[in-house]
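Hello,

Here is the structure I said I would pass on. My notes follow below it.

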Amino acid sequence: MAERRPGNLPAEMTSFVGRTGELAAGGRMLMGGRLLTVTGPAGVGKSRLALRVADGVRRRFPDGLWHVELSQVAPAHLRPAGGPGPAAAVAAALGRHGEHAEDGDGLAEALGDRRALLVLDTCEHLPTEIGPLVEALLRGAPRVRVLATGRSPLGLPGERVLRLDPLPLTDPADPDPACPSVALFAERAVAVDPDFSLTSCALTDVAQVCRCLDGLPLAIELAAARTRSLSIPELLERLDDMTTMPGWGAHTAAPRHRDLRAAIAWSHELCRPDQRTLWEALAVIEGEFGVEAARRAVTREGVLVTRQSLDELVDRSILLRSGDPGRPGRYRMLETYRRFWLDPNFGRPGRAVLGHRLGAGRWSRLPQGAAAVPAPAPVRIGRPVTSTLTPRELEVAELIAEGLSNPQIAVRLLIAKRTVDAHVRNILAKGGLASRTQVAAWFAERTQWADA
Ligand SMILES: Nc1ncnc2c1ncn2[C@@H]1O[C@H](COP(=O)(O)OP(=O)(O)O)[C@@H](O)[C@H]1O
Ligand SMILES: [Mg+2]
């Protein structure tokens, strides 16, 4: 029988896919320092990776691996006086339901000389409390290490940061079934439909679904769950609508994981007002961009675009750095984060999104000022087409620019011709454009502009 070690690491409920490089790097970084923080956008897989990294180094911690789920701990300003904070959550995980309130120093004293790993999962909403707590733990318990997850680094001395990108994608024209994003989709689709298989036709579409969802594991899982009732071509066609619908995800998931809006709305709540404005202003840019292109795109008064302000959004996991080491200083925003501002159906901060998430009852009251965030006016890219085109409409616009007719576009995208007709009508209406030639001209101008 396997030796039982102390700890409370939860067992995995679903299969784990890919991440070989990140697992190895995480283990190395944790053993090379005492504090590792895994950061990344909502639903990218920080918690799953952290638990796997912890499991991989289990032998080095004979006194236990302790998992502390902090998402249910309300920030200090939203807690009733004396309500349990993160230190109490750590104490509870360690089985110390004492009669007196715990603090970091008391916990460190209790841990003493133990060789233990604390996995502090979901720290982003507790920035003022987690830092001092972790510092006290590391200072007072010299053989304890901490593995934290959150959308931002903790900002402590000696902290190592592992930034987690979405899963790799594969080219739908020549798809690789072993690609982790496709493999994750297939695993979750089989779970709801045992007959699901990646035939060569489905493989192309699944690769396309994963691409539309930026390779974000949470979004891929939510989409795969829909294969219970939809074919893959139907799924592709309705992807835009479905990712915006509240309550789209599994009801067993944590409230912020039930749908993408809730997950992203949480990121929104955690940003400063100037960061929200910059996020909104940058959402018009599709694909990679540098500081100069961002400056040109952001024409709104009072919005400061500097390397530092962009890096701050990277630290909040609103922007990702380009994955290409040959192109330093380049950024990109995940499609779902762009749509948060650009797509009226996605729900707007201060209205449906926050109301929905908070209505789901995670914390009791609205953060101060949250309801006062005004709905943004539509932002324009280039002239005269508004940037509120959905990803699918953009795709159709690109194919129009390539000179394809509507029936040809229908074949290329594996959707009905009447759907293409509807997309084209929308593109013309949203952009105030009169013809396909104007759509093509706009698309060419926009591409040059985004590449700059
Ligand atoms: N490598 C992976 N393999 C399988 N499932 C994954 C993987 N990464 C993430 N997931 C799934 O995606 C969802 C979001 O992952 P999670 O770790 O909770 O994200 P985060 O902590 O970044 O918000 C979860 O349901 C999780 O099980
Ligand atoms: Mg998490």
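**Ligand shell and a helix pair**

The shell around ligand 1 takes at least three residues from domain 1 (20–163) and at least three from domain 2 (180–244). Please keep in mind that this is a predicted model.

The shell comprises 18 residues, and G45, K46, S47, R48 and P217 come nearest to ligand 1. Two helices, helix 2 (46–56) and helix 8 (217–225), each supply at least two residues of the shell around ligand 1. Sorted by class, the shell around ligand 1 holds seven nonpolar, seven polar and four charged residues.

The other item is a pair of helices. Two packed helices are described by the angle between their axes and the distance between the axes. For helix 16 (residues 391–401) and helix 18 (residues 417–431), the axes come within 10 Å and cross at roughly 90°. Angles of 65 to 115 degrees count as roughly perpendicular, so helix 16 and helix 18 are roughly perpendicular to each other. On the helix 16 side, the contact is made by R392, E393, V396 and A397. These meet V420, H423, V424, N426 and I427 in helix 18. By class, that contact of helix 16 with helix 18 has five nonpolar, two polar and two charged residues.

As for the chain as a whole, it contains 19 helices and seven strands. Of its 452 residues, 43% are buried. Among contacts in the chain with a separation of 6 or more, 71% are between residues 24 or more positions apart.

Regards

Technical notes
Residues are numbered from 1 along each chain as its sequence is written. Chains are lettered from A and ligands numbered from 1 in the order in which they are written. This is a predicted model: local features need pLDDT of at least 70, side-chain atom pairs count only at pLDDT 80 or more; totals for chains, interfaces and linings use all residues. Axes are lines fitted to C-alpha atoms, for helices over the stretch in contact, and angles run from 0 to 180 degrees between N-to-C directions. Helices (H or I, at least four residues) and strands (E, at least two) are DSSP runs, numbered from the N terminus. Angles under 35 degrees count as roughly parallel, over 145 as roughly antiparallel, 65 to 115 as roughly perpendicular and the rest as oblique. Two residues are in contact if their C-beta atoms, placed from the backbone, lie within 7 Å. Ala, Val, Leu, Ile, Met, Phe, Trp, Tyr, Cys and Pro count as nonpolar, Asp, Glu, Lys and Arg as charged, and the others, Gly among them, as polar. A residue is near a molecule or strand if its C-beta atom, placed from the backbone, lies within 6 Å of it. Domain bounds come from an automatic or database domain assignment. A residue is buried if 20 or more other C-beta atoms lie within 10 Å of its own, exposed if 12 or fewer, and partly exposed in between; C-beta atoms are placed from the backbone.
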